[in-house]
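Colleague: I would like to go through this model with you and ask what the labels rest on.
Modeller: Go ahead.

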Amino acid sequence: MAKQQIRLKVNGETYEILVEPYITLLEALREELRLTGTKKGCDLGDCGTCTVLLEGKAVNSCLVLAIDARDKEVTTVEGLAQGGKMHPLQEAFIEHGAIQCGYCTPGMLLSAKALLDMNEHPSEEEVRAAIAGNLCRCTGYVRIVEAILAAAESLARRGNG
């Protein structure tokens, strides 16, 4: 099959790339755009390591074809920080020791951002449900959940999500 030219809007920048029709969004981000913050995990959509926001919704980028993301807004972990300042979620993950080995962290952060963008005051159960598709193989989820709840409080105090 012939390559197709597509336009991706990633972290506020527009990219024009040529991709094979079977290339996933994960592969396009990592291999074509060199945005390696999005991690490759199981390639089956089971681990959530490759989570990005597509039009504001958390998706497993290993299950989305790059051509299906054409002209859509994609946010990766590289797009969370703004103007050299970390997103409150990133700050909270550091403050609460929620990073651990860090491999699942980009996906966790983006799943959490999708939740907080839709629900400024989530309960612990809602946080746990939002990150249910993101597997951490290090120690557990207690610090991650605490960090997300702390970030929600921080964002609510600031009056933005």
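Colleague: Which residue takes a positive phi in the hairpin of E3 and E4?
Modeller: Glu-55, with a phi near 55°, in a hairpin that has 2 residues between its strands. Before we go on, this is a predicted model, in which local features need pLDDT of at least 70 and side-chain atom pairs count only at pLDDT 80 or more, while totals for chains, interfaces and linings use all residues. Residues are numbered from 1 along each chain as its sequence is written, and side-chain values use heavy atoms, with hydrogens and water left out.

Colleague: What makes E3 and E4 strands, and what makes them a pair?
Modeller: Strands (E, at least two residues) and helices (H or I, at least four) are DSSP runs, numbered from the N terminus. E3 covers residues 51–54 and E4 covers residues 57–60. Two strands pair if DSSP finds at least two bridges between them. E3 and E4 have 4 bridges and run antiparallel, so they pair under that rule. One of the bridge partners is Ala-58 in E4, which faces Leu-53.

Colleague: How do you know that E3 pairs with E5 as well?
Modeller: 2 bridges join E3 to E5 (residues 73–75), and these strands are antiparallel too. The rule asks for at least two bridges, so the pair counts. In E5, Val-74 is the bridge partner of Leu-54, and Thr-75 is that of Leu-53.

Colleague: What is the order of the strands in the open sheet?
Modeller: The 5 strands run in the order E2-E1-E5-E3-E4, with mixed pairing. E2 (13–19) and E4 are the edge strands, since each pairs on one side only. On average, neighbouring strands are turned by 40° against each other, direction ignored.

Colleague: Which way do the residues of E3 point?
Modeller: Thr-51 and Leu-53 point one way, Val-52 and Leu-54 the other way, and all are buried. Buried means under 20% relative accessible area, exposed means over 50%, and partly exposed lies in between (1.4 Å probe, protein chains only).

Colleague: Why is Glu-73 called partly exposed?
Modeller: The relative accessible area of Glu-73 is 33%, which falls between the two cut-offs, so the label is partly exposed. Glu-73 lies in E5. Its contacts (heavy atoms within 4.5 Å) include Lys-9, Asn-11 and Gly-12. The C-alpha atoms of Glu-73 and Val-10 are separated by 6.0 Å, though these residues are 63 apart along the chain.

Colleague: Which helices lie across the sheet strands?
Modeller: H1 (residues 25–32) lies across E1, E2, E3 and E5, at about 105° to E2. H3 (residues 105–118) lies across E3, E4 and E5, at about 35° to E3. The buried residues of H1 are Leu-25, Leu-26, Ala-28 and Leu-29, and they pack against E1, E2, E3 and E5.

Colleague: Why are H2 and H5 called oblique to each other?
Modeller: The axes of H2 (residues 88–95) and H5 (residues 142–158) come within 8 Å and cross at roughly 135°. Axes are lines fitted to C-alpha atoms, for helices over the stretch in contact, and angles run from 0 to 180 degrees between N-to-C directions. Under 35 degrees is roughly parallel, over 145 roughly antiparallel, 65 to 115 roughly perpendicular, and the rest oblique. H2 and H5 are therefore oblique. Among the residues that meet are Leu-89 and Phe-93 in H2 and Ile-148 and Leu-155 in H5.

Colleague: How many disulfides does the structure hold?
Modeller: The count is 0. A disulfide is a pair of cysteine sulfur atoms within 2.5 Å. The closest cysteine sulfur to that of Cys-101 is in Cys-138, 3.6 Å away and therefore too far for a bond. For Cys-136 the closest is in Cys-104, at 4.3 Å, also too far.

Colleague: Are Cys-101 and Cys-136 buried or exposed?
Modeller: Cys-101 has a relative accessible area of 57% and is therefore exposed. Cys-136 has 13% and is therefore buried.

Colleague: What makes Gly-97 partly exposed?
Modeller: A relative accessible area of 29% gives Gly-97 that label. Gly-97 lies in the loop between H2 and H3, and its C-alpha atom is separated by 20 Å from that of Ser-123.

Technical notes:
Lists of a residue's contacts leave out its neighbours within four places in sequence.
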